[in-house]
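The sequence and coordinates are shown first.

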Amino acid sequence: MLNPATPIITPPRVPLVDTRTGLISRAWYLFFLSLNNVATAVIDESGITFAAESAIASLDAELRAVNQELQTLPPVVALPAPDALADCCSGLESQIAEMQKQIDALALLPAQVTAMLSQLADVSAMNPTNGDKLIYNGTTGKWEQDSRSYLMLE
């Protein structure tokens, strides 16, 4: 009698599937069964066991970790009813429309340019003081500083 723990090597000429039944052939079945028996014997001798308790304990630990993570998440904010959102949004829409009108009105205003006298190309007025006037000089083509006092007659 053959030892079931010794694998029986099936010759390659033997087909894996029996053509009459469509199932695995007897020779290949015995080969795979002997491989299973050898693997089982090795595991039994080594003391390696599958403990369902340890698998359940590890899954339980993972579930507790996920539960802890879920409990530390910020609370879900309750949204108001859709009617309240509609009232809120209509108020915002009117504010947005008013702001758009104000922006359009600003776009129509002329641009304001702010400059110092010394920055203007056609002005020659260094260190102006109170009461100084600008007088146009046709020769130079520039406005010039005039600090002379004038008596105004009407």
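Does arginine 20 count as buried or exposed? Arginine 20 counts as exposed because its relative accessibility is 74%, where buried means under 20% relative accessible area, exposed over 50% and partly exposed in between (1.4 Å probe, protein chains only).

## Basis of the values

The model is predicted: local features need pLDDT of at least 70 and side-chain atom pairs count only at pLDDT 80 or more, while totals for chains, interfaces and linings use all residues. Residues are numbered from 1 along each chain as its sequence is written, and side-chain values use heavy atoms, with hydrogens and water left out.

## Salt bridges

There are two salt bridges, each defined as a side-chain nitrogen of Lys or Arg within 4 Å of a carboxyl oxygen of Asp or Glu. Arginine 20 is joined in this way to aspartate 18, with 3.4 Å between the closest N and O atoms.

Arginine 64 is bridged to aspartate 60, and here the closest N and O atoms are 3.0 Å apart. These two residues are separated by about one helical turn, because they are four residues apart in helix 2 (residues 52-72); helices (H or I, at least four residues) are DSSP runs numbered from the N terminus. Arginine 64 is exposed, at 59% relative accessible area, whereas aspartate 60 is partly exposed, at 33%.

Four aromatic pairs are counted. Rings of Phe, Tyr and Trp (its six-membered ring) pair if their centres lie within 6.5 Å; planes under 30 degrees apart count as stacked, over 60 as edge-to-face and the rest as tilted. The pair of tryptophan 28 and phenylalanine 31 is edge-to-face because the ring planes stand at 90°, with the centres 5.7 Å apart. Both residues are buried, and since they lie three residues apart in helix 1 (residues 26-46), about one helical turn separates them. Ring pairs link Trp28, Phe31 and Phe32 into a cluster.

Serine 34 also belongs to helix 1 and is buried, with a relative accessible area of 4%. Its side chain reaches the backbone oxygen of phenylalanine 31 at 2.7 Å.

## Nonpolar surface patch

A nonpolar surface patch has about 730 Å² of accessible area together, and its members include Ile8, Leu16, Tyr29 and Phe32. Such patches are made of residues with over 30% relative accessible area and no salt bridge, nonpolar side chains (Val, Leu, Ile, Met, Phe, Trp, Tyr) being joined within 5 Å; areas come from the Shrake-Rupley method with a 1.4 Å probe. Leucine 16, in the segment before helix 1, counts as partly exposed at 43% relative accessibility.

Terms used:
Patch = residues over 30% accessible without salt bridge, like charges linked within 9 Å, V, L, I, M, F, W, Y side chains within 5 Å. Polar contact = N/O pair within 3.5 Å; in protein donor to acceptor, adjacent residues only side chain to side chain.
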